[in-house]
Amino acid sequence: MKKHIPYGRQQILDEDIREVQRVLQSDFITTGPVSREFEEALAKKVGAKFAVTFNSGTSALHAAYFALGLEVGSEFITTPITFVATANAGLYHGFKPVFCDIEPDTGNMDCATIEASITENTRFIVPVHFGGHPADQENLHQIADKYQLKIIEDGSHALGARYKNRRIGDCTYSEMTTFSFHPVKHITTGEGGAVTTNNEHYYKRLRQFRNHGITKDDLQYKSEGDWYYEMQYLGFNYRLTDFQAALGLSQLKRLDQNILSRREIAAFYCQEFKENPYFHIPVERDYVESSYHLYPIRLKEDLIPYKRKVFNRLREEKLGVQTHYIPVYRQPYYLEHGYMNIQKPHAEIFYQSEISIPMYHSLSHEDQKDVISRIRSVFETL
Ligand SMILES: *Cc1c(COP(=O)(O)O)cnc(C)c1O
């Protein structure tokens, strides 16, 4: 029987389990000292001043958008080739996501399509570093500067990636960067996420938003005693538990090795597939180092009409391929809320041609070779 090989999966080692168990048997199981330790280690790893953990990448986005302190009706520009959460997190606040188009090869926001989407209500831009390939940060930053817009990076795919030798998350080009620790991402806490920033004001707002809007510092009124706290904003309970933080902290120690493995797998795939007549392999701009969250192949034009067949055949071969993503504006909820006539040509072609093949750091060399031969046989017998 053929072994099922998914497109992505977590790696949990005994050392991870020991760390989680240690915290489960300690006094503190929800947000406490280990969460703080995880935040400090994460901030240090990516080169940011602060990190704040959340119970998902989605709540991290929700909080980051909150931290900007914008009015209802604000617009932000993002990419349609992302997980719905990037756009949804804005809807939670009554903001309007406006979708620009993407670069046909990287799948990242195409900076040349941003300016046409800017209106007097535009306040910020949310790039997603698709598949782990950093977006065109300098260009984005220039546009943001010109129109006085903020940038929040959705870095869910890009923990460990580099742009011009800087780690994604150091916020050189943005106010904040969000991460997700879902099991298919680079490190996992089960569910979980984080925001990094260099700005203390945002840092405080992120922490407060995570905890119902409650604070014991920066009081608006006079303290009435040691029990006193104030709820100053309408926040949520978005806290990560300490045993999840222990898992994250333990996983973070292996991040660099993890990225190296992914890059080696990508290099092997690229070498094996580089001259194939059926699909394009992912590109990597010379000033980035992708963290290869995904390995997205794109069918060549003449094969696009056969995507469904190819996809089904790959699944029959027990390859857990996936498509990233259905353009967000095509989702029924979006169609019903004003996006009926939105279509971005490159995003459409990307959707019609993209297939994510197995990519995760614990994918063995044997399995990589298996993936390659199963893919070859599918295309050669179409
Ligand atoms: C995974 C992901 C998220 C959401 O993260 P969760 O932890 O699942 O809530 C947001 N944006 C992108 C691009 C993602 O890939």
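Which residue forms a salt bridge with D105, and how far apart are the closest N and O atoms?

1. The model is predicted. It divides into domain 1, covering 5-252, and domain 2, covering 255-380. Taken over C-alpha atoms, the centres of domain 1 and domain 2 are separated by 25 Å.

2. On the side of domain 1, 48 residues are in contact with domain 2, and 50 residues of domain 2 take part in return. About 4100 Å² of area is buried between domain 1 and domain 2, with carbon and sulfur atoms giving 60% of this. The residues of domain 1 that lose the most area to domain 2 are I5, Y7 and H186, which together make up 21% of what that side buries.

3. The partner of D105 is R285: the two form a salt bridge, and their closest N and O atoms are 2.9 Å apart. The count of salt bridges between domain 1 and domain 2 is five. Polar contacts between domain 1 and domain 2 amount to 29 residue pairs, with both residues at pLDDT 80 or more.

4. Several elements of domain 1 supply at least two residues each to the side that touches domain 2: the strands β1 (5-6), β4 (96-99) and β7 (162-163), and the helices α4 (84-91) and α7 (242-252). The element that gives the most to this side is α4, with four residues.

5. By residue type, the side of domain 1 that touches domain 2 has 23 nonpolar, 14 polar and eleven charged residues.

Definitions and conventions: Residues numbered from 1 in each chain as written. Predicted model: local features only at pLDDT ≥ 70, side-chain atom pairs only at ≥ 80, totals over all residues. Heavy atoms only, no water. Domains from an automatic or database assignment. Contact = heavy atoms within 4.5 Å. Buried area = accessible area lost by both parts, 1.4 Å probe. Salt bridge = Lys/Arg side-chain N within 4 Å of Asp/Glu carboxyl O. Polar contact = N/O pair within 3.5 Å; in protein donor to acceptor, adjacent residues only side chain to side chain. Nonpolar A, V, L, I, M, F, W, Y, C, P; charged D, E, K, R; others polar.
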